[in-house]
Amino acid sequence: MDRNALISELKTKISQTLNLQDLGEDALDENVKLFSDDGLGLDSVDALELVVMLETSYGISVGDKDEAKNTFSSIGTLADYIIANKK
Amino acid sequence: MSRIPTAISTGLCTCAGVGSAVAADIVFGGNGDLLKKLDLFDSPRYADKFVGRAFGYKRGFATECGAILMAALDESLSRLDAKAFNSERVGVFLGTSIGGIFETENMLIDNINSKSQDLRALTYYECSTLAELVAKKVGARGVCMTFSTACSSSSLAVSAACDAIEQGKLDAAIVCGADSLSRITVNGFGSLLLLSAGKCKPFDANRDGINLGEAAGVIILSSADFAAKINAQPLAEFSACSCTADAYHQTSPHPSGDGAANAFENALRKSKLTPIDVDFYIAHGTATRGNDIAEIAALRQVFGAHKLPKFASLKRYFGHTLGASGILNCIMAIESLRRCKSPANAGFTTKDDLIGDSPIIETSVGNIENILTSSLGFGGNNSCAVISKKSKKSFSDQKPRDVYLFSCGVLTSYAIGAKNVFAEISKADFNLSALSNVCQTASLLKNVPILKKRKWAKLQQIGLQCALEATEVIDIKSSPERTGVCMGTGLGMMTETFRFLKNTIERREAEPLPTAFTNSVHNAVASLISLNKNFRGVNSAVTAKEISFESALYQAIGAIDSGDIDAAIVGGADEYFELAQKYLESRRNYKASAGRLADFCSLYFAGAIDACITKPFAKIVKLDISRRDKSPTREAFAINQILSLCNDGDNRIKTVFTIKGINENLDAYIDAVLEKTNFSDPLNMATYTGLNYSASAFAPVCAAYKFGKGRYAAYICASTGMRSLFIFDIL
């Protein structure tokens with residue numbers, strides 16, 4: 001899967017997992033900061049939801065919550081992480 | 001006359017076996033290695049996790065949790081004259097996070113696999129079931145209530161029991177904490193990545209999470225006078241307790257431990273002790289990254305940077321026993337005072353610079369006078385106790401205060417807000433069964449941004465909607481630290497709990513739902529209210545079937561009288577849930593014409609007269625919660641006695657409210673009792689609210705809107721055998 005297709009897929013998945021549908025797809029730009037207050041302001045439990053999503057959809061297991069939070073700063077970095085780690 | 005709460009007996013069942021002394025031998029020997037691999041149920045994902053499994057108790061009881069609790073209770077009663085507790089001056093206070101949910105999980109598995117429709121094991125999901133067992137066994141006829149605030153549950157029970165004894169409301173209390181292992185806690189903490197890969201290392205630089213454990217603990221508390229009367233030897237005194245909330249995040253503690261520090265300060269002040277007087281701190285110390293840092297930061301705020309008391313966590317011995325962990329700590333504190341020995345923190349080897357201080361790793365002998373202990377629950381729900389050989393207080397200075405209701409918030413399945421609800425009710429053709437029994441979530445919290453509310457479950461949104469209604473119309477004077485939230489609930493967060501469990505079972509633990517788990521705790525509504533309103537006093541979820549609201553009110557009044565808070569949001573909230581409706585219908589005494597469950601919440605801003613600038617609309621005259629007499633005639637006599645004290649001259653009771661429809665036998669009983677009073681025509685609130693365990697929270701707002709000024713009584717019988725008589729004035 002190329003990066004653009006992955007990003008589009010991630011937008012849909014994240015929107016569903018984190019109940020963000022009402023925000024509209026546009027709010028989920030690949031560069032928007034996921035975990036900081038000037039972005040979406042997601043919290044540690046959201047990070048865990050993303051950990052589960054990574055495991056179920058891409059077979060990547062992230063054991064450490066802190067690692068998750070740093071790696072997933074935006075949809076773009078998340079896509080890069082998936083490309084680098086997917087078996 | 002001394003009303004200092006005194007421990008006169010304890011009982012315990014843990015992974016060390018049955019007995020307080022057995023567990024203490026491990027702790028004060030400092031060398032327990034009792035954690036074993038999880039084998040309670042088939043777990044594809046967590047079979048290699050270490051847990052503390054209780055043993056030595058008699059099996060064959062309806063629930064594992066109940067069996068473990070009975071072992072602890074038997075031990076606590078074995079040293080005393082058990083008959084002494086057969087009294088209306090003895091209450092039961094129990095803390096549990098999940099009660100007998102393991103058996104409910106087994107039922108769900110059967111239902112899913114074999115399409116069995118047997119729902120009887122749903123009763124074990126109800127946290128109030130355990131307390132009821134204890135009360136029946138002991139014969140206690142005073143209040144009987146259950147606190148379910150995740151990991152701090154039994155500490156809240158201890159605190160409420162101490163208030164009741166110190167304020168002279170009870171002579172003695174059976175205080176319990178119990179939690180057994182279950183799929184929901186294993187998978188839930190697993191989904192939060194909080195389970196240790198091995199055995200936990202509290203306060204260690206390399207700590208990596210918790211081991212779950214099961215335990216039940218019982219402390220029998222009494223006034224010193226009652227102890228003397230029944231020839232019981234005092235073991236230790238509870239100098240003070242305090243409960244606070246962080247109002248910081250739904251799961252994470254405040255990083256600098258502000259809420260816990262408030263609790264420590266309150267408890268020391270109420271104990272008339274200074275930090276120097278504290279000889280030891282038995283920590284919550286779960287061995288998660290977040291807790292251990294926040295906990296010691298809190299300690300440092302109170303004790304100063306260089307003179308922390310010696311401290312140790314007991315989690316490596318027993319695992320994190322969740323709702324039982326608070327009472328387990330208290331029992332070990334009592335043992336420590338009695339043995340003049342301080343415990344050691346097993347599992348610690350490497351200092352963590354982020355924490356800055358290290359726990360005690362060797363037990364030592366020496367005089368110990370006062371121990372501080374705490375439990376810090378999910379979402380910053382903090383509770384602590386100062387336990388002393390001899391309290392510095394020679395008498396209690398707690399005085400009853402008049403408690404008023406300043407405002408209300410109401411939501412029914414058919415309308416939001418008191419005005420709208422009563423506009424519907426006053427229509428001539430009002431008929432609840434013709435209306436929807438679920439409210440429209442989209443119409444809740446309209447002014448709250450989607451990003452903020454997207455994770456909140458329906459019942460949480462309902463509770464917050466009502467809290468906003470109640471607080472918008474008043475000028476609050478009580479400070480945020482001195483304002484609590486005490487919410488009654490019969491069934492708690494049922495939708496979220498069963499969504500999590502069904503997913504766990506059907507997906508074979510493959511795809512956890514962390515958000516659903518964090519929302520599944522009974523205190524999710526109270527936490528959300530505190531988080532949004534910044535109310536940082538005691539924060540609790542109280543459950544006692546049909547008298548859950550009254551039990552929450554009882555706790556809030558106790559906390560107001562104790563001086564810990566000046567005001568609190570007090571109410572009741574329950575939601576429609578299909579499984580609960582089916583369960584209700586499957587019960588023998590269900591009458592189809594009585595109606596259905598429905599979404600409902602009603603809450604009040606309650607407090608001392610100076611808690612608000614705004615004038616109150618109601619005043620609490622009397623709240624009496626007791627076990628009712630089986631004979632309607634004798635029960636009517638007892639009710640008449642209480643009513644006659646409040647039903648004189650200008651203050652005649654205008655209307656009596658009740659709840660009928662949940663249980664046909666109970667309905668007949670209520671009619672038989674009230675017929676023998678002057679109130680044979682009670683108003684059945686379920687007509688307006690649906691058949692909810694929280695329906696009785698409707699009484700004050702209903703009186704105010706429907707009838708106006710005057711005195712009212714709400715007589716509620718619970719299917720547990722308890723009843724409450726709540727008398728109030730609309731001003």
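**Hairpin first.** I started at the hairpin of β25(B) and β26(B), where four residues sit between the strands and Gly721(B) takes a positive phi near 105°. Strands here are DSSP E runs of at least two residues and helices are H or I runs of at least four, numbered from the N terminus. I'm looking at a predicted model, where local features need pLDDT of at least 70, side-chain atom pairs count only at pLDDT 80 or more, and totals for chains, interfaces and linings use all residues. Residues are numbered from 1 along each chain as its sequence is written, while chains are lettered from A and ligands numbered from 1 in the order in which they are written.

**Partners of β26(B).** I looked up what pairs with this strand (pairing takes at least two DSSP bridges between two strands). β25(B), residues 710-717, runs antiparallel to β26(B) and is joined to it by eight bridges; Tyr712(B) stands opposite Phe728(B) there. β22(B), residues 618-627, also pairs with β26(B) in the antiparallel sense, over nine bridges. In that pairing I found Asp624(B) bridged to Leu725(B).

**Two helices.** Next I looked at α1(B), residues 20-29, and α11(B), residues 325-339: they pack at about 75° with axes 10 Å apart (axes are lines fitted to C-alpha atoms over the stretch in contact, angles run from 0 to 180 degrees between N-to-C directions). α1(B) and α11(B) are therefore roughly perpendicular, a label for 65 to 115 degrees (under 35 is roughly parallel, over 145 roughly antiparallel, the rest oblique). Contact means C-beta atoms, placed from the backbone, within 7 Å; among the residues making it are Val27(B) and Phe28(B) of α1(B) and Ile331(B) and Met332(B) of α11(B).

**Whole chain.** I noted 23 helices and 26 strands in chain B. Buried residues make up 64% of its 731 residues. Its C-alpha atoms fill a box of roughly 75 × 60 × 50 Å along the principal axes.

**Touching chain A.** Last, I looked at the contact between the chains, which takes 15 residues from chain B and 15 from chain A. On the chain B side, α16(B) gives the largest share, three residues.

Technical notes
Two residues are in contact if their C-beta atoms, placed from the backbone, lie within 7 Å. A residue is buried if 20 or more other C-beta atoms lie within 10 Å of its own, exposed if 12 or fewer, and partly exposed in between; C-beta atoms are placed from the backbone.
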